[in-house]
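Let us take a walk through this structure together.

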Amino acid sequence: MADFLGSRFDQIAFASWQHLSLVVQCLLLATAIAIAVAAVVYRSRPLSSVANTVTAIGLTIPAFALVGLLVAPFGFGVPPALAVVTFFAILPILRNAIVGLTGINQSVVESARGLGMSRSSIFLRVELPLAWPVILGGIRVSAQMVMGIAAIAAYVLGPGLGGFIFSGLSRLGGANSLESVLTGVIGVVVLALLLDLLLVGLGRLTTPRGIRV
Amino acid sequence: MSESAVSRPSTGTISGKSIVLDNVTKQYPGQSSPAVDGVTLEIPAGKIVMLVGPSGCGKTTTLKMINRLIEPTKGRIVLGDEDVTSIGGDELRRRIGYVIQAGGLFPHMTVAANIAIVPKMLGWDKGRIAARVDELLELVSLDPAQYRDRFPKELSGGQQQRVGVARALAADPPVLLMDEPFGAVDPITRQRLQDELLSIQEEVQKTIVIVTHDFDEAVKLGDWIVVFTEGARIVQYDTPERILAEPANAFVENFIGSGAGLKQLTLRRVGEVTLADAVTVHAGEAAASAIEKMERADHNHVVVLDDRERPVQWLSRRQLARLDTLTDVPEDKLPVVGQGATLNDALDTMLVSSAGAALVTGRRDVFLGVITVETVMDAITAARASAAASIGGPVGTNSDAIPTVAPDAPTSAGSSMSQAHDD
C-alpha cells in the first residue's frame with residue numbers, strides 16, 4: 001500500500017485536487033441554482049411542494065444510471081460529470097432552502113414590509129440571512145453526498161479519484177488492484193471530512209451573531 | 001394609571017399628519033362579506049386613536065390598509081393633504097412608522113442596525129444615522145452605549161418593544177401605526193411601556209393609531225377610541241370619557257365591561273378637582289388653640305402640619321381634647337394622596353383608611369386640601385355631564401350606516417376639544 005501511494009503520489013494528489021475542485025465548483029453552482037429556485041417557489045405553497053417532491057424523486061435516481069444517460073447529450077469527460085454532480089448537489093440544498101425560507105417568523109417579514117423594504121431587499125437582507133444556517137446545513141449534506149457521486153463520474157472519464165476505484169475494480173485480483181480501490185475510497189472519505197470542516201468554518205464566519213445558537 | 005390623553009398638556013409641536021380613510025373597503029376573494037366594509041374614518045393630526053373591537057372585527061385590517069400592507073379593494077386614503085392611495089406601497093411605508101407585537105426586530109441585526117434600516121434606505125450618511133440611533137435610544141429610555149450593539153435575543157420583551165418603537169420613529173415619520181404593541185409583555189412592563197409611550201408622544205406629537213383588544217389600554221392611551229364590530233363597522237368613535245359615560249349601545253357597554261364608572265375615575269386626577277378646605281395647625285401649638293380654630297371654622301377635624309407644611313396628623317375633636325400640645329410625630333396610616341394620583345387611587349386610599357376622605361399633597365408633600373368621597377362623586381357627575389354635552393370631533397362612519405353618535409346629543413363641533421383644555 002505504501003509503495004502504491006509513494007510511487008503514484010503526484011497522480012493521487014492531482015486526482016484528489018481535481019476531485020475536490022469538481023465538487024466545490026459544483027456545490028457553488030448548485031447553491032446558486034438552489035437559492036434561485038427556492039426564491040421563485042417559497043412564497044407559493046403549491047410550488048414549494050412541487051419542488052420538494054421533485055427533490056425527493058431526484059434523490060432516488062441512481063447516480064450511475066444518470067451518468068450513463070448523460071453521455072448521449074454531453075459526450076465523455078468533464079461536462080457529464082459536472083452535470084450529474086451539480087444535479088445531485090442541488091437537491092438537498094433546495095430542500096433546505098425552502099424549509100429555511102418558509103420557516104422564518106412571519107412577524108419579522110411583516111415588520112420588514114411595514115418599514116417599506118422592497119420584496120428583493122427583504123429577501124436579500126432579511127430572509128436569506130435568517131435562512132442561511134439551514135441552507136448551509138443543506139450544503140453540508142450535499143457536499144458529503146456528491147463527494148461519492150463525483151467518484152462515479154470516472155465512468156464517463158470525468159476527473160477525480162473515481163478513476164482509481166474503477167481501474168482497480170476492473171482488474172480485481174490483479175497487482176495493486178485493491179490498493180487502487182482503497183486509495184480512491186479513502187481519498188474520497190478524507191476529502192469529504194476536509195470539506196465538511198471547511199463548511200463548518202464557513203458557517204461560523206457567515207452566520208450573523210444574533211442568530212447563532 | 002397614567003394621565004388621560006385629553007388632559008395631557010401639549011409641550012411639543014404637532015409633527016403628525018391627519019389621516020383620512022374615505023369609504024375604504026377590503027373584500028377578500030371567496031368571502032361573502034367584506035372584512036372591512038366602507039369605512040370612513042378621520043384621524044386628527046397629533047392624536048392617539050385607538051381601534052378596539054373583538055377579534056376578527058377588521059380593526060387590524062383597517063390599520064394595515066393605512067400603510068397599504070393590505071391593499072384596499074375600494075376607497076381612498078389621504079395622508080395630510082396628499083392622496084396616497086396610488087403611490088408606491090414601499091415608498092408610503094417608509095413615511096409611516098409601523099410597530100407590531102414584540103417589536104418584530106430582525107434577529108440577525110444589532111439594535112443599531114435595526115433602527116438604522118429606514119434611514120439607510122432613505123440614503124442618510126453614516127454620521128447622521130449614528131446620531132439618530134443614539135437619540136432614539138435615549139428617547140425610549142435605553143442607554144445607547146449599553147444597548148446599541150446588542151442583538152434582539154439579548155434584550156427583554158419590553159426592551160425589544162422599545163427598540164421596535166425607536167425603529168419605527170427612525171426617519172421621523174408623521175404617523176405611527178401600532179398593531180397590539182403591548183400584547184406580548186407582562187402587565188407591569190405593559191403599564192410602564194404605556195406610560196412611556198404617552199411621554200414620548202408628549203414630546204413627538206405624532207399621529208398614532210393603535211389596534212388593541214384591551215379596552216383599559218384604549219382608555220388609558222387614547223385621545224379618541226373607535227369601537228368596531230364585525231366587518232369593521234364603527235359602533236362608536238368618541239373620547240374615552242364619552243364612551244364610558246355614554247356608550248352608544250349595548251355592544252359598547254358589553255365591550256367596556258363592568259366598572260365603567262371606576263374606569264372613569266382613572267381618567268381624572270386629584271389635582272383636577274376642587275378640594276375641600278381643612279383647618280390646619282402646626283406642630284407645637286397648644287391643643288386648646290387648635291380646638292378654638294376648629295370651632296370657628298365649624299369643622300370636626302384639624303390637620304397638623306410639620307415645619308415644612310407636610311401633614312403629619314389628622315385629629316378629631318375627641319382626640320384633640322385629650323392632648324395638651326400638638327407634636328409632629330407622624331400618624332400611622334395617614335390617608336395621603338398626591339395631586340397627580342387618579343381619583344381611582346384616591347378612592348382606594350379612602351376606602352383603605354375608612355376615613356371617607358384623604359389628605360392631598362402637592363410638590364414636596366406640601367398639604368393642599370382634603371378630598372372626600374363627595375368630591376369624587378361630584379367630579380364623576382360633572383365628568384358625565386360634560387362628556388354628554390360635548391359632541392363632535394372627527395368623522396367615523398360606514399358607507400351605509402346610520403350616524404353613530406347618540407341621537408339625543410347636541411351637535412357642536414369641537415366642543416369636546418375645548419373641554420379637553422379647561423381642566
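Two strands are said to pair if DSSP finds at least two bridges between them. With that in mind, β6(B) and strand β7 (residues 175-179) of chain B are joined by five bridges and run parallel. One bridge you can look for links V99(B) to its partner M178(B) in β7(B). Please keep in mind along the way that this is a predicted model.

Which order do the six strands follow? In chain B they form an open sheet that reads β6-β7-β8-β3-β9-β10, and the pairing is mixed. The edges are held by β6 (96-100) and β10 (233-238) of chain B; each has a single partner strand, so one side of each is left without a neighbour in the sheet. Going from one strand to the next, the twist averages 15°. As background, the strands of a sheet pair through backbone hydrogen bonds, in either a parallel or an antiparallel manner.

Let us now follow β9(B). On one side, β3(B) and β9(B) pair in the parallel sense, over four bridges, and here M50(B) stands opposite I225(B) in β9(B). β9(B) also pairs with β10(B), this time in the antiparallel sense and over five bridges. In that pairing, T229(B) has R233(B) in β10(B) as its bridge partner. The hairpin of β9(B) and β10(B) has three residues between the strands, and G231(B) takes a positive phi near 75° there. Is β9(B) enclosed or open? Five of its six residues are buried, so β9(B) is largely enclosed by the rest of the structure.

Next come the helices that lie across these strands. Helix α1 (residues 59-66) of chain B lies across β3 (48-52), β7, β8 (207-212) and β9 (224-229) of chain B, and runs at about 150° to β8(B). Helix α7 (residues 157-168) of chain B lies across β6 and β7 of chain B, where its direction is at about 165° to β6(B).

Two loop residues of chain B deserve a stop. R68(B) sits in the loop between α1 and β4 (74-79) of chain B. Its phi is near 55°, a positive value in a residue other than glycine. D298(B) also has a positive phi, near 60°, and is likewise a residue other than glycine. You will find D298(B) in the loop between α13 (287-297) and β12 (301-305) of chain B.

Stepping back, the domain assignment of chain B gives domain 1 (19-264 + 391-417) and domain 2 (270-378). Taken over C-alpha atoms, the centres of domain 1 of chain B and domain 2 of chain B are separated by 43 Å.

Now let us see where chain A meets chain B. Here 17 residues of chain A are in contact with 20 residues of chain B. On the chain A side, the elements that give two or more residues are α6 (106-114) and α7 (119-152) of chain A. The largest share, six residues, comes from α6(A). By type, the residues on this side of chain A divide into eight nonpolar, six polar and three charged.

Which residues does S111(A) touch, leaving aside its neighbours within four places in sequence? They are Y98(B), I100(B) and G104(B).

Our last stop is the largest nonpolar core, which has 165 residues; V23(A), V85(A), A153(A) and V226(B) touch the most other members. The most residues in this core, 14, are given by α7(A). At least three residues come from each of domain 1 and domain 2 of chain B.

Methods:
Residues are numbered from 1 along each chain as its sequence is written. Chains are lettered from A and ligands numbered from 1 in the order in which they are written. This is a predicted model: local features need pLDDT of at least 70, side-chain atom pairs count only at pLDDT 80 or more; totals for chains, interfaces and linings use all residues. Two residues are in contact if their C-beta atoms, placed from the backbone, lie within 7 Å. Ala, Val, Leu, Ile, Met, Phe, Trp, Tyr, Cys and Pro count as nonpolar, Asp, Glu, Lys and Arg as charged, and the others, Gly among them, as polar. Axes are lines fitted to C-alpha atoms, for helices over the stretch in contact, and angles run from 0 to 180 degrees between N-to-C directions. A nonpolar core is a set of buried Ala, Val, Leu, Ile, Met, Phe, Trp, Tyr and Cys residues joined through C-beta atoms within 7 Å. A residue is buried if 20 or more other C-beta atoms lie within 10 Å of its own, exposed if 12 or fewer, and partly exposed in between; C-beta atoms are placed from the backbone. Domain bounds come from an automatic or database domain assignment.
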